[in-house]
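Dear colleague,

Please find below the structure that I am handing over to you. My findings follow it, and I would be grateful if you read them with the structure open.

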Amino acid sequence: MSTSQTRTQLLAEEDRWWGELHALVDAMPLDRIATPGYFAEGWSAKDLLAHIGSWLALAGAVLERIRFGTYVPDEIDIDAINAEFYEDMKDVPFETVRGQANAARTRMLGAWGALPEDTHEADGWIRKAGPEHYAEHLPRLREWLAELET
């Protein structure tokens, strides 16, 4: 598979999952968007979108470091990062969270497009923050939306 096919396919996958994520979030009643219950720990759909948007922002920053040759792969403490993102975003209003997530995605995709060549690290961050991450959360979001409708 050529690099352009890989990028095209990855971009299509990211776009498809992003669209489904937003369709589900947009289908939620606005008065329930910040209601805890998505996760037993108390997350709401707003918290989920803030979580995903924060990872997209991190991926955008990493892609910029890859572009400028300053990226150093290292171990990351996912639980600690998730806790920090939650703490930073828990009191942010939904409309701001939605705007941040959209802006972070745009920045990530722009940073990816600005790379002079595709790299394994860059594609890995796109997958990790984008389609794989969306796919990880979509089943529970679908379930929870169905629970709210009953």
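In which helix is the place of His133? Please note first that this is a predicted model. His133 lies in helix α6, which covers residues 131–149. Is His133 buried or exposed? His133 has a relative accessibility of 6%, and because buried means under 20%, His133 counts as buried.

The surroundings of His133 are as follows. Its side chain is joined to that of His137 by a polar contact of 3.2 Å. If neighbours within four places in sequence are left aside, His133 is in contact with His51, Ile52, Trp55, Arg127 and Lys128.

How do α2 and α5 lie relative to each other, roughly parallel or roughly antiparallel? The axis of helix α2 (residues 45–67) comes within 9 Å of that of α5, and the two cross at roughly 175°. Angles over 145 degrees count as roughly antiparallel, and α2 and α5 are therefore roughly antiparallel to each other.

On the α2 side, Trp55, Leu56, Leu58, Ala59, Val62, Leu63 and Ile66 take part in the contact; on the α5 side, they meet Glu121, Ala122, Trp125, Ile126 and Ala129. Of the residues in this contact, eleven are nonpolar, one is charged and none is polar.

Yours sincerely

Notes:
Residues are numbered from 1 along each chain as its sequence is written. This is a predicted model: local features need pLDDT of at least 70, side-chain atom pairs count only at pLDDT 80 or more; totals for chains, interfaces and linings use all residues. Side-chain values use heavy atoms; hydrogens and water are left out. Axes are lines fitted to C-alpha atoms, for helices over the stretch in contact, and angles run from 0 to 180 degrees between N-to-C directions. Helices (H or I, at least four residues) and strands (E, at least two) are DSSP runs, numbered from the N terminus. Angles under 35 degrees count as roughly parallel, over 145 as roughly antiparallel, 65 to 115 as roughly perpendicular and the rest as oblique. Contact means heavy atoms within 4.5 Å. Ala, Val, Leu, Ile, Met, Phe, Trp, Tyr, Cys and Pro count as nonpolar, Asp, Glu, Lys and Arg as charged, and the others, Gly among them, as polar. Buried means under 20% relative accessible area, exposed over 50%, partly exposed in between (1.4 Å probe, protein chains only). A polar contact is a pair of N or O atoms within 3.5 Å; within protein, one must be able to donate a hydrogen and the other to accept it, and residues adjacent in sequence count only if both atoms are side-chain atoms.
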